[in-house]
Amino acid sequence: MSHEKYLACIDACNSCADACDHCSTACLQEEHVAQMERCIRLDIDCAALCRFAAAAMARSSEHVSDICRLCALLCEACAAECSKHDHDHCMECADACRSCAQACQAMLA
């Protein structure tokens with residue numbers, strides 16, 4: 001299998017990982033950082049899994065479907081948490097997570 005069929009999903013995963021990295025760093029600068037703990041933790045997990053998923057797709061791993069299914073679930077959880085916060089970086093991260101989840105689900109279909 002060629003990894004080209006995964007290019008849109010790879011791009012979405014990489015964009016999501018970047019948005020999550022930015023969000024977690026920005027959350028650490030917020031006045032009430034303790035209230036941002038779950039958001040930060042999910043951002044870190046989501047970024048790591050998105051990068052892993054992108055790498056799995058790039059090498060056409062035999063486990064790409066399972067990895068992308070998990071990636072979509074984590075992206076949805078991260079989007080839900082980020083949506084609870086009014087910060088621009090959280091809203092942008094939530095959008096990137098939703099887009100990535102949709103790309104992963106579309107790739108699985």
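So, for a chain of 109 residues, the rule for a compact globule gives a radius of gyration near 13 Å, and this chain has 14 Å, which agrees. That radius is taken over C-alpha atoms, and the globule rule is 2.2 Å times the number of residues to the power 0.38. Along the principal axes, the C-alpha trace spans about 50 × 20 × 20 Å.

Before I go on, the ground rules. What you're looking at is a predicted model, where local features need pLDDT of at least 70 and side-chain atom pairs count only at pLDDT 80 or more, while totals for chains, interfaces and linings use all residues. Residues are numbered from 1 along each chain as its sequence is written, and side-chain values use heavy atoms, with hydrogens and water left out.

Okay, the fold. What does the secondary structure come to? Helices here are DSSP runs of H or I with at least four residues, strands are E runs of at least two, and the numbering goes from the N terminus.

How much of the chain is buried? Of the 109 residues, 46% count that way. Buried means under 20% relative accessible area, exposed means over 50%, and partly exposed is in between, using a 1.4 Å probe and protein chains only. The accessible surface comes to about 5,900 Å², and 53% of that belongs to carbon and sulfur atoms. Those areas come from the Shrake-Rupley method with a 1.4 Å probe, and for residues only the protein chains shown count as cover.

Now contacts, meaning heavy atoms within 4.5 Å. If you take contacts between residues at least 6 apart in sequence, 71% of them join residues at least 24 apart.

Let me show you two residues that illustrate contacts like that. Cys75 sits in helix α3 and is buried, with a relative accessible area of 0%. What does Cys75 touch, not counting residues up to four places away in sequence? The list is Cys16, Cys46, Cys50, Cys97, Cys100 and Ala101. Cys75 and Ala96 are 21 residues apart in sequence, and their C-alphas are 8.6 Å apart in space.

The other one is Ala12, over in helix α1. Ala12 counts as buried at 15% relative accessibility. Leaving aside neighbours within four places in sequence, Ala12 is in contact with Ser99, Cys100 and Ala103. There's also Gln102, which is 90 residues from Ala12 in sequence but 9.1 Å from it in space, C-alpha to C-alpha.

On to charges. The chain has 8 positive and 17 negative side chains, and the centres of the two sets lie 8 Å apart. Lys and Arg count as positive, Asp and Glu as negative, and His and the chain ends aren't counted. The place of a charge is NZ of Lys, CZ of Arg, CG of Asp or CD of Glu.

How many salt bridges does a search of the whole structure find? There are 7, a salt bridge being a side-chain nitrogen of Lys or Arg within 4 Å of a carboxyl oxygen of Asp or Glu. One of them is Arg51 with Asp18, at 3.0 Å, N to O. That pair links distant parts of the chain, with Arg51 in helix α2 (residues 37-58) and Asp18 in helix α1 (residues 7-27), 33 residues apart. Arg51 is partly exposed at 36% relative accessibility, and Asp18 is partly exposed too, at 48%. Asp18, Asp21 and Arg51 are linked in a network of salt bridges.

Then there are bridges inside a helix. Arg69 pairs with Asp66, closest N and O atoms 3.1 Å apart; both lie in helix α3 (residues 64-82), 3 residues apart, about one turn of the helix. Arg98 and Asp95 also meet in a salt bridge, at 3.1 Å, N to O. Those two are separated by about one helical turn because they're 3 residues apart in helix α4 (residues 88-108). Arg98 is partly exposed at 38%, and Asp95 is partly exposed at 46%.

Last one: Ser60, in the loop between α2 and α3. Ser60 has a positive phi of about 50° although it isn't a glycine. Most residues other than glycine have a negative phi. At 23% relative accessibility, Ser60 counts as partly exposed.

That's my tour, so over to you.
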